[in-house]
Amino acid sequence: MKMLVCVKQVPDTTEIKIDPVKNTLIREGVPSILNPFDSYALEAAARIKDKDPSSTITVICMGPEQAKAVLKESLAIAADKAYLISGREFGGSDTLCTSYILSEAIKEIEKTEGKFDIILCGKQAIDGDTAQVGPEIAEHLGYPQVTYGLEAFVEDGMVKVKKEVEDGAEIIGIQTPCVLTFTKPSFDPRFPTIRRKMAANKANIPVLAFTDLPDIDPEKIGLKHSPTHVKKTFVPQKKTGGIKIQEETAEESAKKLFTLLSEAHVI
Amino acid sequence: MFELTELQEAVRSTAREFAENALAPRIDEIEHADKFPQDLIDTMGELGLMGVPYKEEYGGLDAGLVAEAVCLEEIAKVSPSAAKLLTVCYLPMDAINLFGTPEQKEKYLPGMCAGTDIGSLAFTEAGTGSDPKQLTTTAKKKDGKIYINGVKRFISNAAHEGTIVVVARDEGEDTCTAYLVKKFCKGYSLSSHWEKIGFHGSHVYDVFLDDVEVEESDILGGEKGGFDLLLGTTAIGKLAFSAVFAGAAEGAYDLTRDYIMNKMHRGTSIAKFPTVQLRTSMIAANTLSMKLMLYRAAQDAEMFEGNMRRVQAATALAKGYIADLSNQTIQMCVNAFGAYGGMEEYNIERYLRDSVIFPNIEGNADVQRLISGSFILKKNDNLIAD
């Protein structure tokens with residue numbers, strides 16, 4: 001099985017603070033990480049490769065030079081090859097433009113790597129939270145897709161995806177080539193081994209620039225051609241009211257809470 | 001603190017990821033079941049953490065002793081018990097690595113580096129203490145075979161499948177020899193594990209050896225080479241335990257700092273109290289001094305490789321100092337929590353329970369001081385000058 005995993009470098013949102021005056025994210029000093037949902041997609045690919053070691057995993061990322069860090073991390077975890085898609089022309093792209101650039105890059109990479117059977121993405125990036133890029137890649141490529149995957153496996157030559165649904169999970173068979181997006185499974189992604197980390201540090205990561213994608217339509221990329229316009233970002237108003245219970249001990253706090261809830265006839 | 005090489009840094013980051021993401025969520029389970037999960041041992045093997053200092057041709061990473069110290073330190077910060085378990089895996093590997101023939105290294109080290117062969121080193125007996133000349137376990141030659149009889153005490157990992165290095169007295173001699181023995185072979189049996197105050201999940205047993213049969217080819221380090229093997233192996237082992245103790249203190253320090261920075265007393269953060277600041281500074285200084293001492297000893301052990309006495313003096317100096325100071329520093333940490341320090345929920349008491357044994361594991365702390373002290377006063381080497 002030939003697999004391609006799309007990953008993104010994102011700020012660690014657990015470390016992010018918001019500038020109270022400008023209402024913008026303070027990105028300085030915030031570490032960048034591999035988007036967690038992409039790590040689930042990579043793990044899903046790695047599990048397919050565990051069962052069929054002849055499988056290959058290629059990983060791509062669109063971003064600046066420093067985004068190579070998450071490609072190296074992906075190589076250390078499970079990937080065999082990595083490509084960075086980087087160029088000033090791509091800057092400011094919204095999800096539609098980004099997915100178009102990625103789909104064009106995939107077509108270009110396929111010229112040397114051969115056709116990919118499965119394209120795996122995280123369901124969304126934790127910075128933008130749109131969950132649009134994976135499905136849009138499928139549309140640009142004209143592939144079938146399954147979203148909210150938990151895990152994937154190959155059975156009787158068919159790709160099967162365990163998909164999260166509201167009341168549990170369902171298993172969907174899908175023909176290849178296809179696009180799958182992944183959410184958090186019940187298991188943790190594997191850790192990179194020391195040996196793989198060392199090999200990844202030494203890996204040469206080719207960069208695909210705008211000029212390396214001869215078939216790309218310049219009218220469909222970048223900030224200028226992105227149909228999405230952000231009107232405003234803001235911190236939701238903090239809810240006012242409510243009562244803060246902070247007694248001397250936890251037990252006293254619990255007693256007070258109980259009394260208040262009883263008086264309000266909640267319990 | 002020190003600039004690490006790319007490989008050392010890869011070891012550190014991997015050990016830290018393992019400790020924080022795989023080990024930390026399982027601490028309660030390990031403490032209460034008093035059992036270390038096999039899947040965590042498997043993961044350590046897969047990640048490469050069980051073969052850090054050993055040659056690549058034998059399945060290791062060839063990352064050196066500074067990397068080994070860094071690895072154990074990172075794990076000990078989260079779980080001194082897990083780091084101790086890894087340390088006692090390293091001991092028989094060090095013995096094989098330092099004293100084994102190429103065939104023995106090829107036979108045993110790859111499995112041990114992968115974590116599929118969990119080794120043990122069996123030297124201690126009820127009457128030996130830190131003196132290897134008091135061994136009563138004996139090896140007797142008969143009809144071209146060797147038979148080992150005796151009882152070994154406090155043997156770590158003895159119930160895991162794998163290889164045990166047994167040191168036994170040569171019959172009728174004042175010398176001893178080390179043997180490579182497969183655990184659970186005919187004549188190998190165990191007591192139930194000792195119930196301990198700390199190091200939960202890392203068990204020690206008495207090992208009964210009743211006519212355990214070995215071949216000449218199972219001799220490790222040559223006939224009558226047992227004492228030299230012990231000296232060389234424990235010289236490196238002292239460094240590993242120093243890393244466990246220093247890491248434990250750092251873990252306790254981190255917990256203590258977090259507690260202090262979040263604890264309010266009558267509306268004021270206790271971090272603003274001068275007495276708390278003063279004690280925190282003392283804890284920090286102790287922890288830092290242990291860390292510096294550890295890294296210096298690890299560098300010395302690498303630099304003087306092959307000079308066993310010099311390595312032993314350097315690691316004994318570190319271990320004697322760190323073993324006691326770590327125990328004392330962790331007690332200071334517990335005190336900083338006030339009455340909460342004794343409560344399981346606050347996690348710090350676990351470090352104190354683990355640290356109780358620090359001054360008496362792998363050789364008593366005073367014995368370490370005697371080893372390093374006598375070296376300093378005998379040799380033209382003060383152990384400190386660069």
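**View 1. A salt bridge across the interface of chain A and chain B.** Across this interface of the predicted model, the rule finds 1 salt bridge, meaning a side-chain nitrogen of Lys or Arg within 4 Å of a carboxyl oxygen of Asp or Glu. Its partners are A:Lys197 and B:Glu17, whose closest N and O atoms are 3.5 Å apart. On the side of chain A that touches chain B, you will find 4 nonpolar, 2 polar and 3 charged residues. Here Ala, Val, Leu, Ile, Met, Phe, Trp, Tyr, Cys and Pro count as nonpolar, Asp, Glu, Lys and Arg as charged, and the others, Gly among them, as polar.

A note for all views: residues are numbered from 1 along each chain as its sequence is written, chains are lettered from A and ligands numbered from 1 in the order in which they are written, and side-chain values use heavy atoms, with hydrogens and water left out. As this is a predicted model, local features need pLDDT of at least 70 and side-chain atom pairs count only at pLDDT 80 or more, while totals for chains, interfaces and linings use all residues.

**View 2. Contact and buried area between chain A and chain B.** Chain A brings 9 residues to the contact and chain B brings 17 residues, with contact meaning heavy atoms within 4.5 Å. The buried area is about 1,200 Å², and carbon and sulfur atoms give 61% of it; this is the accessible area (1.4 Å probe) that two parts lose on being put together, summed over both. Look for A:Phe191, A:Ile194 and A:Arg195, which supply 55% of the area that chain A buries against chain B, more than any other three residues.

**View 3. Polar contacts between chain A and chain B.** The rule finds 7 residue pairs in polar contact across this interface, both residues at pLDDT 80 or more. A polar contact is a pair of N or O atoms within 3.5 Å; within protein, one must be able to donate a hydrogen and the other to accept it, and residues adjacent in sequence count only if both atoms are side-chain atoms.

**View 4. Domain 1 against domain 2 in chain B.** Domain 1 (6–114) and domain 2 (120–220) are among the domains of chain B, with bounds from an automatic or database domain assignment. Between them, the buried area is about 1,700 Å², and the count is 0 salt bridges. Helix 5 (80–99) is one of the helices supplying at least two residues to the domain 1 side, and helix 5 gives the most, with 11 residues. Helices are DSSP runs (H or I, at least four residues), numbered from the N terminus.
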